[in-house]
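These are my notebook entries on one structure. I set down each item as I looked it up.

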Amino acid sequence: MSLSGRSNKSLGVRGCETGRGSRLPNQGLSYRRDQGRHSGMAEVTVFYDRAGQTLTVWFTDRVHESVCEETGDEVVLMKDVSGHVIGFEKLNFSIPQSDSLRVAVETVPA
């Protein structure tokens, strides 16, 4: 899978009061809803904002975001109301302008 940021404005540090007003831009990526996919399949959503220099990864739907916590290592953890991590954002993430971001997903046997 190849992803490239298409946003033309910087995100800056996340507001994180709630996921409902999330400042993440719509990158034109499908959320794979209503596409006849297996509904029990796990899904990971990845956003790369080249201008804002952020890489954001969601392990569930971002509307469940309740609170954010910055780890001090330029990583912001997004959590649900139960305190479970449902995503993270890497600040100051960049790749050379000529490169595209490639994401590989592997599963490990239990």
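**Entry 1**

I located Leu55 in strand β3, which covers residues 54-58; strands are DSSP runs of E with at least two residues, numbered from the N terminus. The model is a predicted one, in which local features need pLDDT of at least 70 and side-chain atom pairs count only at pLDDT 80 or more, while totals for chains, interfaces and linings use all residues. Residues are numbered from 1 along each chain as its sequence is written, and side-chain values use heavy atoms, with hydrogens and water left out.

Is Leu55 buried or exposed? I found Leu55 to be buried, at a relative accessible area of 13%. Buried means under 20%, exposed over 50%, and partly exposed in between, with a 1.4 Å probe and protein chains only.

I then listed the contacts of Leu55, leaving out residues up to four places away in sequence: Val46, Phe47, Tyr48, Phe88, Glu89, Lys90, Phe93 and Leu101. Contact means heavy atoms within 4.5 Å.

**Entry 1: The nonpolar cores**

Which residues make up the largest nonpolar core? I recorded seven: Phe47, Trp58, Cys68, Val76, Met78, Ile86 and Leu91. Strands β5 and β6 each supply at least two residues of this core. Another core, of five residues, lies apart from it, and includes Tyr48, Leu55, Val57 and Leu101. A nonpolar core is a set of buried Ala, Val, Leu, Ile, Met, Phe, Trp, Tyr and Cys residues joined through side-chain atoms within 4.5 Å. As background, I noted that nonpolar side chains tend to be buried together in soluble globular proteins.

I traced strand β4 (residues 67-70) and strand β5 (residues 75-79), which run antiparallel and are joined by four bridges. Two strands pair if DSSP finds at least two bridges between them. Val67 has Lys79 in β5 as its bridge partner. Four residues stand between the strands of this hairpin, and Gly72 takes a positive phi near 95 degrees.

Glu74 is in the loop between β4 and β5. Its phi is near 60 degrees, a positive value in a residue other than glycine. I found Glu74 partly exposed, with a relative accessible area of 35%.

**Entry 2: Asn92**

I placed Asn92 in the loop between β6 (85-91) and β7 (101-102). Asn92 is not a glycine, yet its phi is positive, at about 55 degrees. Asn92 is partly exposed, with a relative accessible area of 48%.
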